[in-house]
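Take a look at the chain below. What can its atoms tell us, step by step?

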Amino acid sequence: MQITITLNGQVRVLDVQPHETLMTVLRRQAMFSVKHGCETGECGACTVLIDGKPTVTCITLAVTANGKAITTLEALASKASEMHPLQRAFVETGAIQCGYCTPAQILCAKALLDANPNPTEAEVRAAFNGVLCRCTGYVKPVQAVLRAAAILRGETVPPVEEDERAVMLPVDLLRPFGSDTPQAPEDSTMDSGLRTQTAVKPLLVPTTDIRETAVVGKPEQKVDAIKLALGKPAFADDIELRGMLYGALMTSPHAHARIKHIDTSKAKAIPGVHAVLTYKDVPRVVYASGGQSYPNPPPYDQVSLDSKVRHVGDRVAIVAAESPELCQRAIEAIEVEWEILPAVFDPQEAISGTAPIIHDEPDAIGIHDASRNIVCHIHAQIGEAEKAWAESDLIVEGEYRVHQVQQASIEPHIVISYWDEDERLVIRTSTQVPFHVRRMIAPLIGLPISRIRVIKPRIGGGFGGKQEMLIEDLAAHLTIATGRPVRFEYTREQEFTSARSRHPQIIRYKSGVKKDGTLVGQEMYVLGNTGAYGTHGLTVQTVTGMRGLSTYNAPYRRFDCDVVYTNIPTPGAYRGYGAPQALFALEIHMEQIAEKLGMDVLEFKAKNWVKVGDPLPLAEALGEAREGFPQTVLTSGLAECIELGAKAIGWHEKRGKRGDGPIKRGVGMAVCMHGTAIAGLDMGAASIKMNDDGSFNVLVGATDLGTGSDTVIAQIVAETLGVPLSKVIVYSSDTDFTPFDTGAYASSTTYISGGAALRAAEQVRAQIQRVAAKMLKVDDPESLWLENERVYAPGGKFVTLEQVALHSLHIEEQHQIMSTASHMSYASPPPFAGQFAEVEIDTRTGQMTVKKLVMAVDCGIPLNPITASGQVEGGMTQALGYAHCEQMVYDEHGTPLATKFGEYHIYQADEMPETRVIFVETYEPSGPYGAKAVAEIPKDGVAPALASAIHDAIGVWIHEIPFTPERIWRALKESGQLWNG
């Protein structure tokens, strides 16, 4: 049938099917700004304006749009010079991270401003409510809308570099921990009450003796922001291939079962179905799916398709057909005879010796004790236990539990695979680890690496969930079987049942202290639940041990861990990678010790936390599934982070003052320490080429997830070569054209890949100096320096970089100025932070409202304060969901009960507390321009800080997250504190 619509001002007559959604039809018209994030209209990524009103298109039938005017982001502008003020404000304020939800946010903002040109912050947040954002924490998008609104009203707004840059607090206002509280300048916005988010800028406490830079350390615009603001086709699914088929996965309805018989004949007989594959049709090659360095950590316990399923949502069969609807028909036509097996979901039951064996296959490799479902056992110890316990005046023990949550990237996993003209398999995929995917997929599909090319376009959120070879092998099998391009995408339900998540854990601590508060011994036991498969199980729990026993010094430390199979969907990598679990338990435990000693919690933690010059012995003892290396803390701004965070939250004014009436108030805190890359393992490379006009092409294998790593790498290169950021063109993550990189994980990209870019830039700079020295007739090339796109000699003589490029390419000793460099580090310098929270608790219902979050971070030198603060704001928001409301729950059969966003609640824009970011600069000598990591540490401290604040408000410790109303209500009831007024 046909419909007539006015699409972005043009009348179009379109052929549509009665069942087709408007999203499908619009994307077929190359409106690639309309994104798929769910099938229920709950994420809002598919939002367009229909007759001026925001409307989700994934649940709107195309036929209902007949006669309507539809506006997509493409209507606002087609090129940078024509951008709407909203688009420009999103670019300038750093409101774009991954950019997947940006088109929908901008359209909702446009509808708001068309109706209300002078909205309040609350009205902007309400307008965003239908669009979920997993990256930004909504802070900068709100700032962007208010800025654009002012511009549209004709008001004069200051340049972003003046209005939005970090507020500078002079370093001499700082005091060592325990001294008088420093007083910030009146205009620094560091008042203890906190202003609205739009008025609060990141606070940056600068270090001293660092030379002034031109590009590094500045709030430069992201190099990919304009194309994302314009809605250009930048993501994996934004491509059209002739003859493309659709792929789909049939999943298991059972938590544990064996396929006795499977019949695909009816499915294959459906016209338009081109392939139906089961375990009978693909080679059985065992592998580990985690995107990790060679050799992948054990166990090798997966195959592409198996005759046994181990969780609801496990793989059963795959199909390729002419349409998604035909794929679904084919899946429904597959007949399976099941042998239902007993299942186990509790990790304590799983290791009992009487539980069903989940992995009984003979060809699995590297399982520690399959008969007891133990994937691996981890042990490390330093010091003497007997001596520590003998010296202890107080021994405190505690058990803490953390749950399973999902990354919930708004862009689902998506792969498009096809044969190129040279009969090489191209895999275009939303992945964090393109080089690992290429290496790992080769044996599964029977192709040599030389015949595989992996391309990573922009990613609509990763957060560790795409540090996995998850569906690339399935798409490849279908392309090989059909000879056709195949588009393979998870549904939102499959993201919850068949993707990855965070490991649930049971954590037990035993600590010994002296009367004066000196920690002398600490033991930690972790029971880690890795679900149906062992991917990342060993390494996540190893990191839990390292983070759980490294923040505080103790002569004796011991870590033991059992990683256990159960029949829940498989956890894997998730931003923070074991540290959020550890620090939830550790920080509560340490505050409980302080309480028992009668010590101030800040004083007790400061007495014991690691300081500059201290070793980190667990880093060497544990490594990460391989050899560890000695680590020493070289830089730390932790004391200042705690001091400034306490000041910003109003710690001393509010602590212990619960208030009268049913609403109780509390403030809490947590100390955070993370890592920067995996020592001795992570490696990145960069290649830089000089062009005729003095610009530079930078090729890196590093994977930008929306974190801004392409921008930061470009800043490093621009700073080193004396050019503005606009003269650096970055191309990343294509295994054919870019050099190797281990991938985007372990907070490694700026430190490792940026380190490689710095080395390559330094080598290019030396080549430029040599050419320029001949041109300027200078004997010592090293006496020259690069600045403002020129090469200067002592005395003021100079040549431009364009002149150098043309001379080297065309005039004398012609050669290409270029270099490739690699970087790997045996150091993993820890970033530090102080996390503070303020809450209100209704003692009638158990409802907790988080009012304020403050994080003061030492990430070395933040190379781009806008992108760095965005990482902290977004990370805290994810951590808030982890602590407060997000949860993967199951029925008694192991069936997930939360498989869409309406059931799995992530924070919306108008639910957010006030947030505050403070940077305390230190100069890390091993990092490029002094940088350490920042992306993961925001995940670590919110949960324990909320536990601390809850205790301050109602005097009860809750040892398990999330802090749901029911859980708090039960704690109130058990302690006799339910309000009876």
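Phenylalanine 463 sits in the loop between S18 and H13. This is a predicted model. Phenylalanine 463 has a positive phi of about 60 degrees, although it is not a glycine. Most residues other than glycine have a negative phi, and most peptide bonds are trans. Is phenylalanine 463 buried or exposed? Phenylalanine 463 counts as buried because its relative accessibility is 10%, and the cut-off for buried is under 20%.

Serine 733 is another residue other than glycine with a positive phi, near 65 degrees. Serine 733 lies in the loop between strand S26 (728–732) and helix H22 (749–776). Its relative accessible area is 0%, so serine 733 is buried.

| Peptide bond | Omega |
|---|---|
| Tyrosine 294 to proline 295 | near -15 degrees |
| Isoleucine 961 to proline 962 | about 5 degrees |

Where do these prolines lie? Proline 295 is in the loop between strand S10 (273–277) and strand S11 (308–309). Proline 962 is in the loop between helix H25 (942–954) and helix H26 (965–974).

## Helix H12 and its cover

Helix H12 covers residues 434–445 and has twelve residues. From its first C-alpha to its last, H12 reaches 16 Å. That is close to the 16 Å expected at 1.5 Å a residue.

How many of the twelve residues of H12 are buried? Ten of them are, so H12 is largely enclosed by the rest of the structure. Among the buried residues are Pro434, Phe435, His436, Val437 and Arg438. Met440, Ile441, Ala442, Leu444 and Ile445 are buried too.

What covers these residues? The cover includes strand S17 (425–429), strand S18 (452–455) and helix H13 (472–482). Just after H12 comes glycine 446, with a positive phi of about 75 degrees.

## Inside helix H22

Glycine 755 is found in helix H22. It counts as buried because its relative accessibility is 7%. Which residues does glycine 755 touch, not counting residues up to four places away in sequence? They are Thr750, His823 and Pro928.

Glycine 755 and tyrosine 929 are 174 residues apart along the chain. Their C-alpha atoms are separated by 9.0 Å.

## The nonpolar core

The largest nonpolar core has 192 residues. Which residues have the most contacts inside this core? They are Leu946 and Phe963.

Take phenylalanine 963, and leave aside its neighbours within four places in sequence. Its contacts then include Phe584, Met848, Ala883 and His884. Phenylalanine 963 is also in contact with Ala943, Leu946, Ala947 and Ile950. Ile958 and Ile968 are on the list as well.

## Cysteines without a bond

A disulfide is a covalent bond between the sulfur atoms of two cysteines. How many disulfides does the model have? The count comes to zero.

The cut-off is within 2.5 Å. Cysteine 101 has 6% relative accessibility, so it counts as buried.

Cysteine 641 gets the same test. Its sulfur is 9.0 Å from the closest cysteine sulfur, in cysteine 859, and that is too far for a bond. Cysteine 641 is buried, with a relative accessible area of 0%.

## The whole chain

Step back to the whole protein. Its secondary structure comes to 26 helices and 33 strands. Its C-alpha atoms fill a box of roughly 85 × 80 × 55 Å along the principal axes.

A compact globule of 981 residues would have a radius of gyration near 30 Å. The protein has 28 Å, which agrees. Buried residues make up 64% of the 981 residues. The accessible surface comes to about 33,400 Å², and 50% of it belongs to carbon and sulfur atoms.

Methods. Residues numbered from 1 in each chain as written. Predicted model: local features only at pLDDT ≥ 70, side-chain atom pairs only at ≥ 80, totals over all residues. Heavy atoms only, no water. Helix = DSSP H or I, 4+ residues; strand = E, 2+ residues; numbered from the N terminus. Expected span 1.5 Å × (residues − 1). Buried < 20%, exposed > 50% of the residue type's maximum accessible area, 1.4 Å probe, protein only. Contact = heavy atoms within 4.5 Å. Rg over C-alpha atoms; globule rule 2.2 N^0.38 Å. Areas by Shrake-Rupley, 256 points an atom, 1.4 Å probe, with all protein chains shown as cover. Core = buried A, V, L, I, M, F, W, Y, C linked by side-chain atoms within 4.5 Å.
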